[in-house]
Amino acid sequence: MATIFKSSIGKKLFQSITGAFLIVFLLLHSTINFFSVLDSIFGTYGNVAADADLFSKGDGIFKLGCDFMSTPFISIIVPVLALGFALHICYGIWLSIGNFIARGGVRRYAVPSKAKTDSWSAKNMFVLGLLILLGIAIHLTHFWAKMQLPELIHINEANYEDNPYVLLNATFGPWWNLVLYLAFFTVLWFHLNHGFWSMFQTVGWNNMIWLKRLKFIGIIVSTLICVMFASVAINAFIQANFV
């Protein structure tokens with residue numbers, strides 16, 4: 001196992017596997033959040049039953065989606081995906097620092113070390129990753145710290161928010177938060193767009209025919225995820241300020 005992590009192929013393989021966890025996590029997360037947009041279309045935005053039961057009659061689609069995330073099976077799967085997500089970020093930072101030092105630190109700019117065919121995203125994956133890490137930290141303070149964390153550690157129920165629509169409106173209501181999150185989703189798009197096809201290239205799908213297909217599929221997947229996230233933010237901004 002140690003030999004695998006010492007080889008460049010092993011390092012890329014580990015990043016590819018944990019990157020797959022990231023993509024699955026984001027697909028699940030963006031889909032559940034997008035239910036809030038469907039709520040606006042069907043006129044059920046903000047509908048939350050008075051009881052604390054899961055899947056209560058009268059709940060909006062997004063609230064039902066949040067209840068689904070609280071079911072035992074998903075409660076196990078999500079932390080596993082989140083762990084893979086965290087490992088992807090931490091290992092990526094460690095690899096980038098190691099590569100930076102191996103190439104001579106700041107002196108690496110004295111000679112060109114990047115192929116001209118490298119995409120902008122490929123050249124800036126480390127910076128993009130750091131920006132994503134910052135965005136996640138902000139996101140956790142807006143949602144997880146106010147919804148899941150108080151329940152998890154059993155602190156004062158007054159700090160626990162059981163209405164996900166309230167959190168959406170409170171977070172995306174201010175225009176500066178909306179702009180901040182839209183910038184975050186843009187950064188995420190660039191990172192996912194390169195990471196998707198690079199993940200498959202690492203495991204051997206690197207012939208020219210499949211590489212072109214995977215790059216196209218990567219654009220579709222990364223765009224789908226980020227458009228769903230962006231539509232949730234814009235919709236919540238409208239709901240908070242104009243409805």
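A: Ile61, Phe62, Lys63 and Cys66 of helix α3 touch Pro164, Tyr165 and Leu168 of helix α9, where contact means heavy atoms within 4.5 Å. Sorted by type, that contact has six nonpolar residues, no polar ones and one charged; here Ala, Val, Leu, Ile, Met, Phe, Trp, Tyr, Cys and Pro count as nonpolar, Asp, Glu, Lys and Arg as charged, and the others, Gly among them, as polar. This is a predicted model, where local features need pLDDT of at least 70 and side-chain atom pairs count only at pLDDT 80 or more, while totals for chains, interfaces and linings use all residues. Residues are numbered from 1 along each chain as its sequence is written, and side-chain values use heavy atoms, with hydrogens and water left out.

Now for the charges. Lys63 forms a salt bridge with Asp67 at 2.9 Å, N to O, and another with Asp59 at 4.0 Å, N to O; the term means a side-chain nitrogen of Lys or Arg within 4 Å of a carboxyl oxygen of Asp or Glu. Lys63 and Asp67 sit four residues apart in α3, about one turn of the helix.

Are these residues buried or exposed? Lys63 and Asp67 are both buried, at 5% relative accessible area for Lys63 and 5% for Asp67. Asp59 is buried as well, at 10%. Buried means under 20% relative accessible area, exposed over 50%, and partly exposed in between (1.4 Å probe, protein chains only).

Terms used
Helices (H or I, at least four residues) and strands (E, at least two) are DSSP runs, numbered from the N terminus.
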